[in-house]
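Please look over the model shown here with its chains side by side, and follow the text from one local feature to the next.

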Protein chains: 2
Amino acid sequence: MSEYQENSTLDHLFNPKTIAVVGLSTAPDKAWLSECYITPMLEMGFHGRLFVVNPKGGHIGGMAAYSSLQEVPGPVDYVVSLVPAHHTPQLLADCTEKGVKAVQFYTAGFSETGVDEDAHLQAQLVEMAQRSGLRLLGPNCMGIYCPKSGIGFCPDFPKEPGEIGLLCQSGGNTGHIVRTVAARGLRFSKVVSYGNACDINERDLLDYFVEDNDTQAIAAYLEGTTDGRRLLQCLTRATSHKPVTILKGGCTEAGIRAAATHTGSLAGTDVLWDGLFKQAGVVRVSTPEEMADFLVALLQVRPPRGLNTCVVGIGGGANVLATDDCERAGLTLPPLPDHILSRLKHIIPRAGAMLRNPIDAFPLIGAPSNWRQLVDLLNEWEGLDLVLFQNALGTPPLPPRYESIAPAIEPMLSAVAECRVPFALVWHAITNDDSWQASLRVQGMSVDRGLPFFTSMRGAALAMRRLFNHHASMPGNVDLQ
Amino acid sequence: MSEYQENSTLDHLFNPKTIAVVGLSTAPDKAWLSECYITPMLEMGFHGRLFVVNPKGGHIGGMAAYSSLQEVPGPVDYVVSLVPAHHTPQLLADCTEKGVKAVQFYTAGFSETGVDEDAHLQAQLVEMAQRSGLRLLGPNCMGIYCPKSGIGFCPDFPKEPGEIGLLCQSGGNTGHIVRTVAARGLRFSKVVSYGNACDINERDLLDYFVEDNDTQAIAAYLEGTTDGRRLLQCLTRATSHKPVTILKGGCTEAGIRAAATHTGSLAGTDVLWDGLFKQAGVVRVSTPEEMADFLVALLQVRPPRGLNTCVVGIGGGANVLATDDCERAGLTLPPLPDHILSRLKHIIPRAGAMLRNPIDAFPLIGAPSNWRQLVDLLNEWEGLDLVLFQNALGTPPLPPRYESIAPAIEPMLSAVAECRVPFALVWHAITNDDSWQASLRVQGMSVDRGLPFFTSMRGAALAMRRLFNHHASMPGNVDLQ
């Protein structure tokens, strides 16, 4: 179905004037679905009109339900379907009659089950939609999250919009990715959980995001495609306009089988996908966390001109491991130049310090004002491309609570803002609840100051390497990864 | 210094009758050191006598200080030194006169600085110790944590003893590793942060742990050694008695340089280390988290007889990614046998489910009693070696708080205890604070029930593969990794 000129029809997904949610149950064990498909619109202030339809009438999610779609006053642009699969043909007929522009099917039980009759039912919906020009999203998907329009399906997603467009074949992974990325201080323009992709597919959505002025970077979780050649064209076009990062699910033999049963996708072999992504200039990642890391690097870190990296942080052993992480990711840690080293000795007392690269700034806990001098010194290091400031929050001898680590954090945070070399912060967060709570506070301080941060050195180093490769590949569109 | 017969002298480290802590400062910004070297002994109920020595007298950490070591009444077995480096020769002379058996130097500023005079000072200490027969731990280290004896250096380390012996060249990484492993419900017999290893080194400690009845598994963080040949012998002997897992810091070019400045270690090339570990049958890990994962697998999971794995969990996309993680780690996910599949269809409704391997048990949220039937079915699957039950806590449509996920967790937890196939739980914890808090609760429930758990599928799969390889290599001592 994908043609560039048809993409305007997707506007109904993101900017409907009227939404009707059909099939929300009044049963107590289904009440959570109202929190998905009513609460977010109310809380984010959906600008259009919102209706609930249920044959039994009554109140659902605090709203009076209409007993049928036809009873809803005025036109309806967009329908969210939660009716059982066998009722979907009737619903679609009702939608056509009502002049609905697009239907999203939360409803599952179609081609993903691997049962012939379910696949036939899906094909029937597609045929009906093609006849009427109505667009289908899903089935077997969560739908649309568009904070600018006040549309969503998870009550805890951020209410404020951002610059990332995400298309995601899995509803659960949409939650995982949005929450992981949001916790890093980033926000989304538009997010689409598109499931079985019986009509609107990843090519349509890529094309839409390329044209969408609110979207500066495109992220995707794909399980498969029905047209690899067209996908390559769409991706190549997309990357020539905006950076694209993709997490491919179903890479291994069993993963491919799993993708087939999850969203009915033809997953193809991983070698094929890898070639496709490389050819198109896509930055491929392997986990939702790596996706969040790359997006932080892409949107918040100034692109390094090379790979010469200095690691500065608290803790000897943590710095040794950090160094290994950096070099494994392909960053290089050159020794300190002599003139830098000789001046560093006046800034950091030598006992308990490592005055090489990495620089263990442990003694600066006792001389916090020297942090600024240390950053000034790094600014004077010719040929230095990147600084990673780190603190392994789980390492201190005292319980790793914020109060214990503050003397090592606050002067560092104030000083790094003056760093003229591209830089990022690394707060190694995960050890136990103490270090996690401390990291949440430090992460919040980083977000407030607009400073890019990562939660592991491994993640940071990989993201910085990908950022460098991405920018190095830009002019001639050669992917170095 | 290392000879097996000398190891009994190390008992003074773990079972001293008297400890004197020398050089604790009364300055407010050094008060935290009392929390390291006084508080843990008091809180864990050190069975011997504890003294504080400070030339200025006064009270430190709530204890009256003696003005010199000689004034301490009766013999002193073990001294913790926090005196500045240039005072250490005098302290060592005092220790010799007092008949002290072992001294731990928290004091830094020796060979790790790379400055000649500092290295000379360290050599002078070693020479003095060798003349008197006194043993030195460190310098530049945190010392001993032995909960059974009531000795420690971090007030938040667990008070109850366990079965893991840890030797760790970095003080900070000791904190990181102990906290990470403890958060998984495991405990330690004895932990030694040994720093520059000027006298007591990794070979001595390995030999000691081999003989130590309280230690069932040996874990180590090494930065280097001064005698690779002897280390190989010690490791080979150790692995023939107890499993040994090692995290090697300083693997890359800059990492090796960093290790040299951190603990003055000769780090050697990584290829060399890898060969040494393989030859000795050591299970090598790359991060503290991987070490925790392997220890959980080793100590809590029944060894699988093969690699045939079934993944069972909630969420389609999460299961697709889980499958990829498993197969990348070398586990295999065979398709469900037909007779299992046909019976599974009666247990799990097909809409929204994946009835292959992985099994997406999402519909069981509405039919919790079927979990038990599902586990019974897995028990009947001939040739199945391992089950990984997972829940990606960050994926649900509602905010991932415990109350939301409980219907997906509690019946699963009750049922898995009946699984007769080796199994583990995977609680993917890290998305945002909601999922972290939920995971803490679920982790706690797992610990209470004695169920092994991991916090990522990637970590779980890698640990299970290592567990299989470890056991497969046991008879002929051939390392398959």
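Pro139(B) is found in the loop between E7 and strand E8 (143–145) of chain B, where helices (H or I, at least four residues) and strands (E, at least two) are DSSP runs numbered from the N terminus. A cis peptide bond joins Gly138(B) to this proline, with omega about 0°. In chain A, the peptide bond from Gly138(A) to Pro139(A) is likewise cis, with omega near -5°, and Pro139(A) has its place in the loop between strand E7 (135–137) and strand E8 (143–145) of chain A. Most residues other than glycine have a negative phi, and most peptide bonds are trans.

This is a predicted model, in which local features need pLDDT of at least 70 and side-chain atom pairs count only at pLDDT 80 or more, while totals for chains, interfaces and linings use all residues. Residues are numbered from 1 along each chain as its sequence is written, chains are lettered from A and ligands numbered from 1 in the order in which they are written, and side-chain values use heavy atoms, with hydrogens and water left out.

Another backbone feature is found at Ala197(A), which has a positive phi of about 55° although it is not a glycine. Ala197(A) lies in the loop between strand E10 (188–193) and helix H7 (202–211) of chain A. In the hairpin of E3(A) and E4(A), which has two residues between the strands, Gly61(A) also takes a positive phi, near 55°. Strand E3 (residues 59–60) of chain A is joined to E4(A) by two bridges and runs antiparallel to it, with Ile60(A) opposite Met63(A). On the other hand, strand E2 (residues 49–53) and strand E4 (residues 63–66) of chain A pair in the parallel sense over two bridges, and here Val52(A) stands opposite Ala65(A). Two strands are taken to pair if DSSP finds at least two bridges between them.

In chain B, seven strands form an open sheet of mixed pairing, in the order E3-E4-E2-E1-E5-E6-E7. Strand E3 (59–60) and strand E7 (135–137) of chain B stand at the edges with a single partner strand each, so one side of each is left without a neighbour in the sheet. Strands of a sheet pair through backbone hydrogen bonds, either parallel or antiparallel.

Chain B also has an open sheet of six strands, again with mixed pairing, in the order E15-E16-E14-E17-E18-E19. Its edge strands, strand E15 (354–355) and strand E19 (453–454) of chain B, each pair on one side only. Strand E17 (residues 386–392) of chain B runs parallel to strand E18 (residues 423–428) of chain B, to which six bridges join it, and Gln390(B) stands opposite Val426(B) in E18(B).

Which side-chain pairs can be picked out? The structure holds 54 salt bridges over all chains, a salt bridge being a side-chain nitrogen of Lys or Arg within 4 Å of a carboxyl oxygen of Asp or Glu. In one of them, Asp204(A) is joined to Arg135(A), the closest N and O atoms being 3.8 Å apart. That pair links distant parts of the chain, with Asp204(A) in helix H7 and Arg135(A) in strand E7 of chain A, 69 residues apart.

A search of the whole structure also finds 17 aromatic pairs over all chains, where rings of Phe, Tyr and Trp (its six-membered ring) pair if their centres lie within 6.5 Å, planes under 30 degrees apart counting as stacked, over 60 as edge-to-face and the rest as tilted. The rings of Trp273(A) and Phe277(A) have centres 5.5 Å apart and planes at 40°, so this pair is tilted. Because they are four residues apart in helix H10 (residues 270–280) of chain A, Trp273(A) and Phe277(A) are separated by about one helical turn.

Between the chains, the contact (heavy atoms within 4.5 Å) takes 84 residues from chain A and 84 residues from chain B. Two salt bridges are counted between chain A and chain B, including the one in which the side chains of Glu290(A) and Arg458(B) meet at 3.9 Å, N to O.
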